[in-house]
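Welcome, and thanks for taking a look.

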Amino acid sequence: MTVGLFNYWACVVLMLIGLYTAIARPNLIKKLIGLGMFQVAVFLLYISMGKVSGGTPPILHTSGEAYSNPLPHVLILTAIVVGIATLSLGLALVVRIWEAYQTLEEDEIVERDHD
Amino acid sequence: MIDAHLPILLIVAPLVSAPLCVLLRQKTLVWAFAFVVCLASLGMASLLLVRVLQDGVISYALGGWIAPWGIEYRVDVVNAFVLLLVAIIAAALVVFALPSAADEIAAEQHYLFYAAYLLCFAGLMGIAITGDAFNVFVFLEISSLSSYALIALGRDRRALIASYQYLIMGTLGATFIVIGIGLMYMMTGTLNMADLSERLPAMFETRTAMVAFAFLSVGLAIKAAMFPLHAWLPNAYCYAPSVVTAFLAATATKVSIYAFLRFTFTVWGAEFVFERLNFDALLIPLSLVGIYAASLSAIYQTDVKRLLAYSSVAQIGYMMLGIGFVSVTGLTGGMVHLFNHAMMKAALFLAVGCVVLRVGSSKLADWKGMGRRMPITMAAFVLAGLSLIGVPLTVGFVSKWYLILAALEKGWWPIALLALLSSLLAVVYVWRVVEVAYFQRMDEPAPVKEAPWPMQVSMWVLTGATLYFGLQTDLTVRVAQRAAMGLLGVTP
Amino acid sequence: MKHQSIPRVVGKLFMPLILLFALYVQFHGDFGPGGGFQAGVIFAAGVVLYALIFGLDAAKRIVRPRVIEILFAVGVLLYAGTGLVSLFVGRNFLDYTALDPDHPAHGQHLGIFLVELGVGVTVAAVMIAIFFAFAGRRRLR
């Protein structure tokens with residue numbers, strides 16, 4: 001039971017680490033790393049649910065009888081692209097923030113705005 | 001022939017125009033093009049609403065793949081209403097953008113600004129029109145990513161931080177939505193909303209259903225800036241360029257609320273959400289607390305943009321309150337308020353935009369004597385502000401009337417009273433601006449100088465709309481009523 | 001790395017292979033694993049490798065930033081254009097059978113080919129643009 005759900009446990013653990021990092025860390029880059037982990041955990045969740053035990057990759061000419069469900073893969077392909085876009089936009093903002101503030105720590109940024 | 005394809009053209013037109021803007025590049029040309037596209041979209045959206053009111057639900061199968069296998073665009077009265085709202089705002093604001101963006105955004109970024117604006121517009125329309133759960137996420141990200149970029153265009157360096165915080169919150173919200181949709185797909189094996197609504201009831205007993213709904217609603221609540229998940233909103237609205245603020249305030253949160261309505265009422269069904277999970281027991285107190293907390297914070301702001309941003313959070317509370325009543329009157333109130341608030345908040349932010357253009361600041365302290373310096377702009381501000389308070393003969397009154405009616409219908413008079421009293425807070429924060437603008441003398445008198453005419457036109461069109469729809473109530477209310485009936489599955 | 005001969009020689013050797021492999025992934029995507037996203041990223045990786053070895057300016061001389069901007073617009077337009085063609089024949093958006101009404105299967109094939117090409121062009125252009133944008137920033141202290 002527990003072993004069979006290993007994927008999902010891994011997802012949950014990754015998800016929580018990511019969520020915690022994205023919310024609680026003051027460093028802007030670490031936040032983005034956490035966000036990335038959170039998203040990847042969700043990708044794993046989708047991929048896991050598409051798995052059919054004993055199934056082959058869903059390519060037409062193979063002789064397997066059961067195929068893994070390709071739909072979650074396609075959905076996640078979209079989500080990965082969205083993730084890349086988000087990450088690069090986030091990093092671009094971080095570069096601009098660094099140029100404007102010379103720091104990447106959230107508390108220091110708040111401090112500098114009060115001066 | 002072409003009107004059979006209206007649903008897809010409505011999305012593809014702005015979506016394709018965005019790369020075309022990048023190709024055109026030349027500033028005025030790009031603006032003219034964006035303007036034509038927005039007008040065309042407005043025309044198509046109005047036509048679509050007329051069609052839907054006449055013939056009922058329109059379904060469009062992308063690629064000829066019939067639902068539930070393919071992606072389906074499904075237009076009923078609810079989303080035709082929201083589509084029209086977004087199109088009106090986009091068309092009105094693109095006029096405003098010509099002088100305002102020229103002032104606030106660096107010249108070499110103009111074509112990118114219009115490209116992002118059109119992308120954001122296309123994304124919002126997409127969320128509203130699609131009948132496929134995962135498609136909602138894709139369009140949500142298209143609109144969100146472009147809005148992060150738009151916010152970061154603000155002149156103040158704090159715009160970058162605001163955009164970054166919105167990016168983190170928004171992506172967390174969107175990912176929550178994906179988890180919710182994934183769990184729904186896991187239970188039913190389908191992503192089509194109509195198909196989901198048929199298959200989900202068999203799963204209502206499971207814990208997965210509850211978890212899926214929880215993820216979905218928290219994700220949408222973040223995107224809709226529902227109290228207490230609104231932390232990203234004030235900064236994002238405060239530091240973004242004026243046009244962007246007005247556009248996002250009028251459309252982005254509204255479309256998220258539409259998505260929330262769609263998922264709770266159409267996909268999950270009112271029976272599951274409100275009878276089984278008693279979601280209204282959470283929604284109504286939260287929205288009331290939200291109304292009061294946000295209105296009180298609005299009173300203490302020293303920046304007009306930020307003041308209006310907090311007021312937006314409060315107004316979202318009213319919409320949620322309407323949803324929480326789960327009655328035709330309540331939902332009508334919520335839907336009408338969704339439309340009306342978009343009009344008046346856009347008008348208010350445009351007035352602020354006009355002042356920012358001439359004075360360069362939205363700080364309340366710099367607004368002294370503004371009633372004399374920019375009388376026309378301030379008149380629009382006051383009229384839209386009256387609407388925000390809910391004075392009779394303005395749209396704000398209409399929506400509050402329905403909300404209070406819905407509360408009384410249920411016999412919940414304390415809620416009706418609380419909603420009524422909260423208007424007094426709105427009086428206070430609108431008065432603060434009026435007091436500074438009209439009754440405080442500025443240190444050294446400056447000549448009268450109004451904003452350029454395109455800005456005036458678009459501001460007055462929206463202000464006029466708040467007055468017109470306040471008098472001609474049957475137009476919006478009738479559509480909202482039909483939308484509410486559609487959501488609750490009541491036949492007229 | 002401009003003055004080290006080993007990376008320069010190896011890079012020159014690998015560049016064409018990487019670009020060729022990208023094209024293979026792109027065009028074989030109809031029959032096996034692959035497609036526009038992967039191909040676009042691999043193609044961009046070739047350009048990134050070039051930029052890393054010969055410097056950003058050299059890379060920008062080969063793929064001009066303005067060209068990249070045009071390419072990512074063109075890719076999206078190719079995708080949407082393919083969809084719009086079917087509207088003119090009276091079919092639904094992205095209904096590829098419209099591309100060859102007599103042989104629906106062939107139409108589907110052509111449609112997916114064009115759409116994937118659009119995706120490939122856009123992804124490659126966007127990836128290169130992202131790299132240029134980050135690499136072109138002043139060196140941070």
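Let's begin in a loop of chain B: V326(B) sits between α13 (304-324) and α14 (328-359) of that chain. Please keep in mind that this is a predicted model. The predictor assigns the complex an ipTM of 0.93 and a pTM of 0.93, and for chain C the average pLDDT is 86, with 96% of the residues scoring at least 70.

- V326(B) is not a glycine, yet its phi is positive, at about 45°.
- Is V326(B) buried or exposed? It counts as buried, because it has 23 C-beta neighbours inside 10 Å and the cut-off for buried is 20 or more.
- N278(B) also has a positive phi, here about 50°, and it is not a glycine either. You can find N278(B) in the loop that links α11 (270-276) and α12 (280-299) of chain B.
- N278(B) has 10 C-beta neighbours inside 10 Å, so it counts as exposed; the cut-off for exposed is 12 or fewer.
- A cis peptide bond, with omega near 0°, runs from F227(B) to P228(B). P228(B) belongs to the loop between α8 (207-223) and α9 (233-239) of chain B.

**The largest nonpolar core**

- This core holds 278 residues, and the ones touching the most other members are F81(B), L83(B) and A346(B).
- Helix α3 (residues 77-104) of chain B is the top contributor to this core, giving 21 residues.
- Which residues is F81(B) in contact with, once neighbours within four places in sequence are left aside? They are L49(B), M335(B), V479(B), A480(B) and A483(B).

**Where chain B touches chain A**

- Here 22 residues of chain B are in contact with 25 residues of chain A.
- On the chain B side, two elements give two or more residues: α5 (133-152) and α6 (158-188). The largest share comes from α6(B), with 14 residues.
- Sorted by class, the chain B side has 15 nonpolar, 4 polar and 3 charged residues.

**Where chain C touches chain A**

- This contact is made by 7 residues from chain C and 7 residues from chain A.
- Helix α5 (residues 104-135) of chain C gives the most to the chain C side, with 3 residues.
- By class, the chain C side is made up of 5 nonpolar, 1 polar and 1 charged residues.

Conventions
Residues are numbered from 1 along each chain as its sequence is written. Chains are lettered from A and ligands numbered from 1 in the order in which they are written. This is a predicted model: local features need pLDDT of at least 70, side-chain atom pairs count only at pLDDT 80 or more; totals for chains, interfaces and linings use all residues. Two residues are in contact if their C-beta atoms, placed from the backbone, lie within 7 Å. Helices (H or I, at least four residues) and strands (E, at least two) are DSSP runs, numbered from the N terminus. Ala, Val, Leu, Ile, Met, Phe, Trp, Tyr, Cys and Pro count as nonpolar, Asp, Glu, Lys and Arg as charged, and the others, Gly among them, as polar. pLDDT is the predictor's confidence in each residue, from 0 to 100. A nonpolar core is a set of buried Ala, Val, Leu, Ile, Met, Phe, Trp, Tyr and Cys residues joined through C-beta atoms within 7 Å.
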